[in-house]
Amino acid sequence: MENTFNIPGGLNRSTELMHQDWATTAYWANFIAIVNYILLGLGAFALILLSAFASQLPGVYDSMDNPIAYYMLAGGGALSIVIGLVFLGLALVINTFLFRFARRLKTALDLHDQDAFETAWFNFRNYLRWNGISILVLIVGYIVLIVAMASALSGLREF
């Protein structure tokens with residue numbers, strides 16, 4: 001059996017190998033969180049460009065005789081931007097849990113702080129929980145979309 005650290009007031013019954021693994025975990029979690037923040041920033045920039053592009057599209061259909069196409073294009077662009085903002089916000093919150101986990105775990109290991117250690121794993125639990133919830137919502141959304149498309153397509157008749 002490996003030697004355990006018995007540091008008064010912090011991280012009792014943990015081995016040196018556990019500390020090394022936790023330090024590696026904190027490093028990679030921090031790296032992944034920072035990369036995710038960069039990707040979220042790029043996604044926000046893309047959403048801004050999309051909103052600028054989508055605002056120009058209804059002008060194309062102004063001269064047409066089809067008001068339905070105009071309203072669908074204008075409403076669809078705004079709806080996609082709102083949905084994009086919701087997903088970016090959710091991803092930002094989820095990524096913040098991962099970033100907090102990495103920072104608190106590093107602090108806990110550096111200072112042998114049991115409270116920071118427990119807070120780190122609480123943030124990791126929230127990260128996994130919210131990821132799971134968002135995946136379930138996406139799966140249900142895809143199922144609803146597939147059923148709606150199948151229903152809409154089954155109503156079409158040959159001309």
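Guide: A polar contact is a pair of N or O atoms within 3.5 Å; within protein, one must be able to donate a hydrogen and the other to accept it, and residues adjacent in sequence count only if both atoms are side-chain atoms. The side chain of Thr15 makes one with the backbone nitrogen of Met18, at 3.1 Å. Thr15 belongs to strand E2, residues 10–15; strands (E, at least two residues) and helices (H or I, at least four) are DSSP runs, numbered from the N terminus. The relative accessible area of Thr15 is 12%, so it is buried (buried is under 20%, exposed over 50%, partly exposed in between, with a 1.4 Å probe and protein chains only).

The model is predicted: local features need pLDDT of at least 70 and side-chain atom pairs count only at 80 or more, while totals for chains, interfaces and linings use all residues. Residues are numbered from 1 along each chain as its sequence is written, and side-chain values use heavy atoms, without hydrogens or water.

Trp22 is buried because its relative accessibility is 15%, and Phe117 is buried at 12%. Leaving aside neighbours within four places in sequence, Trp22 is in contact (heavy atoms within 4.5 Å) with Ser14, Leu105, Leu109, Phe117 and Trp121.

Nine aromatic pairs turn up in a search of the whole structure; Phe, Tyr and Trp rings (the six-membered one for Trp) pair if their centres lie within 6.5 Å, with planes under 30 degrees apart counted as stacked, over 60 as edge-to-face and the rest as tilted. The ring centres of Trp22 and Phe117 are 4.6 Å apart and their planes stand at 55 degrees, so this pair is tilted. An edge-to-face pair is formed by Tyr37 and Phe99, 5.8 Å centre to centre with 75 degrees between the planes. Tyr37 sits in H1 and Phe99 in H2, so that pair links parts 62 residues apart in sequence. Tyr37 is partly exposed at 27%, as is Phe99 at 23%. Trp22 and Phe117 also belong to one aromatic cluster with Phe101, Trp121, Phe124 and Tyr127.

His112 is not a glycine, yet its phi is positive, about 50 degrees. At 30% relative accessibility, His112 counts as partly exposed.

As for confidence, mean pLDDT (the predictor's confidence in each residue, from 0 to 100) is 83, with 75% of residues at 70 or more. The highest mean is in H3, at 93, and the lowest in strand E1 (residues 4–7), at 47.
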